[in-house]
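Here are my notes on the model, point by point. Please read them with the structure open.

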Amino acid sequence: MENKQIVITEFGSAETLAVATSPVPVPKADEVLIKVAFSGVNPIDVKTRAGLGWAAAQNKDNLPWVPGYDISGKVVACGAASTRFSINDNVAGFIGFPLQGGGYSQYICVAETDLCAVPDAITLEAAAALPLAGQTAAQAINNAEVKEGDRVLILAGAGGVGHLAVQIAVAAKAEVYTTCSEANLDYLANLGAHAVNYQFAPASERVSDVDVLIDLVGGDIALDALKCLKDGARVVTVPTLSAELICEKAKLLGFTANGMLVKPDIEQLDALMYMVSVGLLKTEIHKIYPLEQAQDAHLQIETGHTRGKVLLGMQC
Ligand SMILES: NC(=O)c1ccc[n+]([C@@H]2O[C@H](COP(=O)([O-])OP(=O)(O)OC[C@H]3O[C@@H](n4cnc5c(N)ncnc54)[C@H](OP(=O)(O)O)[C@@H]3O)[C@@H](O)[C@H]2O)c1
């Protein structure tokens, strides 16, 4: 049996992604071996492949490197001391974050404590869409202490993180405003948000008296959105590159402001799975690419206009 993986051979364009083959790994005592069904593709994978950010800096002498932090699949072997899962169980995880990666693999060994069970009511596609994006969304909403009745503005509500953040904020009974292009207005309105077309006018001309800003875009767009906030508002800015600038400006204006780096948390992932299983949260899958088309999956993320999540079908 062979284990196909997608590797970054050198930092650069999507063409530097290649298929490599390695032996199927053997689980250590506390690990299980997973036959990966789907692996999530996230903007951080694309940035790292391009040589940007600290995951790239840390792995520059470690190429070829296998990206990927989101996996779902089936347990096919259990380590001697592992007790939580049995062969054929469906599992998902937010793994190897941020330095190790490894999710773009057909087979991978993962410590059983880093995995959660996928309930029968959830597809493996949905389970692979949730870990990094879902936990980023949940942690951003938690950090901002969103509560019932808050007017919440989420920039980029249609993206991988955004579509989940919108739904979590709606479930918390906030009044949710979100920015998107024309093509996503109906989609986001159907999720319960007031959708604002950023192509028509900047957010600052369309939304006011906002209690909480969840920024998933960064840069000038986020700086403009600060004009939508009321006194004492809370800001969570998620793109790391511009976080310092935005927090500084927000604090000067008297707001509470924080950047964040998502942290894997199995209990939270379980809670998100539960929300999906009871219909409180819907994952949107933009497209599933066979693993051999990983380059196209990265190019799709690079468009900046993915609705929901891009996945790799690891057994296609
Ligand atoms: N700090 C952390 O721990 C952490 C964790 C996860 C993600 N992130 C970062 O957070 C950001 C969002 O991640 P993601 O996975 O959601 O990205 P994504 O899925 O690639 O986001 C794509 C979405 O962005 C929207 N968009 C593009 N330009 C926009 C604009 N000017 N105004 C409003 N919406 C716009 C697009 O909507 P339209 O097609 O309608 O334009 C599209 O739906 C990325 O920068 C990512 O690196 C950080």
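Which domains does the domain assignment of the protein give? The assignment lists domain 1 (2-130 + 283-313) and domain 2 (133-259). Keep in mind throughout that this is a predicted model.

1. **Domain arrangement.** Domain 1 is written as two segments, 2-130 and 283-313, and domain 2 as one, 133-259. Taken over C-alpha atoms, the centres of domain 1 and domain 2 are 28 Å apart.

2. **Domain interface.** The two domains touch. Eleven residues of domain 1 are in contact with twelve residues of domain 2. The size of an interface is often given as the accessible area lost when the parts come together. Here domain 1 and domain 2 bury about 890 Å² between them. Carbon and sulfur atoms account for 49% of that area.

3. **Where the ligand sits.** Why can the ligand be placed between the domains? Domain 1 and domain 2 both give residues to the shell around the ligand, so the ligand lies between them.

4. **The shell.** The ligand is surrounded by 26 residues. The closest are Lys47, Ser181, Tyr198, Met260 and Thr306. By class, the shell has 15 nonpolar residues, ten polar ones and one charged one.

5. A polar backbone atom of glycine 160 is 2.8 Å from an oxygen atom of the ligand. For valine 161, a polar backbone atom is 2.9 Å from a ligand oxygen. Valine 238 places a backbone N or O atom 2.8 Å from a nitrogen atom of the ligand.

6. **Ligand burial and contributing elements.** How much of the ligand's exposed area does the protein bury? Alone, the ligand exposes 930 Å², and the protein buries 88% of that. Helix H1 (43-49), helix H4 (131-143) and strand S9 (175-180) are the elements that give two or more residues to the shell.

7. **Cis peptide bonds.** Leucine 63 and proline 64 are joined by a cis peptide bond, with omega about 0 degrees. Proline 64 is in the loop between helix H2 (54-59) and strand S4 (70-78). Phenylalanine 97 and proline 98 are also joined by a cis peptide bond, again with omega about 0 degrees. Proline 98 is in the loop between strand S5 (90-94) and strand S6 (107-111).

8. **A positive phi.** Asparagine 88 is not a glycine, yet its phi is positive, about 85 degrees. Asparagine 88 belongs to the loop between S4 and S5.

Key
Residues are numbered from 1 along each chain as its sequence is written. This is a predicted model: local features need pLDDT of at least 70, side-chain atom pairs count only at pLDDT 80 or more; totals for chains, interfaces and linings use all residues. Side-chain values use heavy atoms; hydrogens and water are left out. A residue is near a molecule or strand if one of its heavy atoms lies within 4 Å of it. A polar contact is a pair of N or O atoms within 3.5 Å; within protein, one must be able to donate a hydrogen and the other to accept it, and residues adjacent in sequence count only if both atoms are side-chain atoms. Accessible areas come from the Shrake-Rupley method with a 1.4 Å probe; for residues, only the protein chains shown count as cover. Helices (H or I, at least four residues) and strands (E, at least two) are DSSP runs, numbered from the N terminus. Ala, Val, Leu, Ile, Met, Phe, Trp, Tyr, Cys and Pro count as nonpolar, Asp, Glu, Lys and Arg as charged, and the others, Gly among them, as polar. Domain bounds come from an automatic or database domain assignment. Contact means heavy atoms within 4.5 Å. Buried area is the accessible area (1.4 Å probe) that two parts lose on being put together, summed over both.
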